[in-house]
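Have the structure open while reading.

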Amino acid sequence: MHKVIFDTDPGIDDAMALLFLHQHPDIDLIGITTVFGNASIETTTRNALYLKKTWNIAAPVAKGLGETLDPSRPHVDWPTAIHGDDGLGNIGVSDKVDVDLDPRPAHRFIIETVRAHPGEVTIVAVGRMTNLALALKEDPDIAVLVKDVVIMGGAFDVPGNITPAAEANIHGDPDAADVTMTAPWPVTVVGLDVTTKTVMTRKLMADIAMTGGERATLLAKISQFYIEFYEQHVEDGMVVHDSCACVYVVAPHLFETRSGAIRVICGGIADGQTIQKPDSRSFPPSPWDDLPSQSVCTSVDADAVLALIAKTI
Ligand code: BDR
Ligand code: CA
């Protein structure tokens with residue numbers, strides 16, 4: 001059983017990923033921590049509480065801070081064209097959801113939960129890495145107590161999706177991503193190199209909604225907005241970025257990986273670019289030296305990933 005803390009900015013593909021984690025038999029979802037990104041921190045937290053209540057999820061929700069690690073960074077607009085003004089496809093979630101938040105800020109929740117289960121917790125982070133970086137800054141020793149960190153973010157051998165250089169989750173807080181990638185905990189990055197290959201068709205989503213009961217029906221309703229956005233980019237359907245990271249936790253054999261230290265470019269024209277120095281190559285001394293070797297997913301069995309998502313949700 002994998003004990004998972006899900007760090008998320010719901011977000012339509014985040015909602016699918018949450019349902020996957022909630023329903024997969026090998027996952028024990030022990031916490032949901034929220035971060036800004038697809039919408040403001042107030043909206044993503046409200047959405048996490050709404051999904052917790054509607055889908056009857058036991059895990060507590062802890063709210064993250066609403067700004068980047070370096071607060072002087074310019075604000076990046078919310079991607080309302082992708083996730084809607086409410087972050088959930090404009091389905092009309094009411095402003096107030098009658099569920100209590102965990103009293104701790106997200107990064108404290110991460111620290112205390114990791115310390116309560118040393119060596120057992122997998123953190124799946126599918127938004128900005130702000131909460132993870134704050135947790136590391138406040139308590140660097142937790143790094144060696146975490147079992148695994150699985151990240152949806154980054155673009156290594158393909159272009160970015162928010163600039164030619166950068167993927168949105170990294171671009172939204174590059175400093176936090178650099179802290180996260182260079183910490184001495186085992187990171188696997190499930191980035192655009194593989195997520196853009198996993199496209200759920202309208203037909204598959206409709207089949208899931210037909211056979212998956214009320215939870216799947218709500219997910220399909222939320223997803224229509226996102227599908228309409230993605231139809232400008234893919235032939236039919238939606239890219240299921242965040243669910244890919246969750247699938248990696250239970251089925252890593254569906255991915256090929258490359259190992260090497262990762263740095264994130266912070267500032268300038270390539271702000272938010274992720275660069276790995278493959279272990280198989282040697283270079284003159286550089287800022288990639290003496291850092292932990294992390295894994296980057298380079299290819300994926302997309303049909304098998306989509307089948308597992310469909311079966312689970
Ligand atoms: C990432 O950005 C967000 O829109 C998605 O939820 C995903 O985490 C993809 O770049
Ligand atoms: Ca996300």
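**Terms and model**

Two residues are in contact if their C-beta atoms, placed from the backbone, lie within 7 Å. A residue is buried if 20 or more other C-beta atoms lie within 10 Å of its own. The model discussed here is predicted.

**Helix α10**

Helix α10 covers residues 213–230. Its 18 residues, at 1.5 Å a residue, should span 26 Å, and the end C-alpha atoms are 25 Å apart, so the two values agree. At Q224, α10 bends by about 40°.

The buried residues of α10 are A216, L218, L219, A220, I222, S223, F225, Y226, I227 and Y230. Their cover includes the helices α1 (12–23), α2 (41–54), α3 (80–83) and α9 (202–211), as well as β8 (238–239).

**How α1 meets α10**

The axes of α1 and α10 come within 9 Å and cross at roughly 160°. Angles over 145 degrees count as roughly antiparallel, and therefore α1 is roughly antiparallel to α10. The crossing is left-handed.

On the α1 side, the contact is made by I12, D13, A15, M16 and L19. On the α10 side, R215, L219, I222, S223, F225 and Y226 take part.

**Residue A135**

A135 lies in helix α5, residues 130–138. Is A135 buried or exposed? A135 is buried, because 31 other C-beta atoms lie within 10 Å.

Leaving aside residues up to four places away in sequence, A135 touches H107, I110, I111 and I142. A245 is 110 residues from A135 along the chain, and their C-alpha atoms are separated by 21 Å.

Definitions and conventions: Residues are numbered from 1 along each chain as its sequence is written. Chains are lettered from A and ligands numbered from 1 in the order in which they are written. This is a predicted model: local features need pLDDT of at least 70, side-chain atom pairs count only at pLDDT 80 or more; totals for chains, interfaces and linings use all residues. Helices (H or I, at least four residues) and strands (E, at least two) are DSSP runs, numbered from the N terminus. A residue is buried if 20 or more other C-beta atoms lie within 10 Å of its own, exposed if 12 or fewer, and partly exposed in between; C-beta atoms are placed from the backbone. The expected span of a helix is 1.5 Å times one less than its number of residues. The bend at a residue is the angle between axes fitted to the seven residues ending there and the seven starting there. Axes are lines fitted to C-alpha atoms, for helices over the stretch in contact, and angles run from 0 to 180 degrees between N-to-C directions. Angles under 35 degrees count as roughly parallel, over 145 as roughly antiparallel, 65 to 115 as roughly perpendicular and the rest as oblique. A crossing is left-handed if the near helix is turned anticlockwise from the far one by less than a right angle, and right-handed if clockwise.
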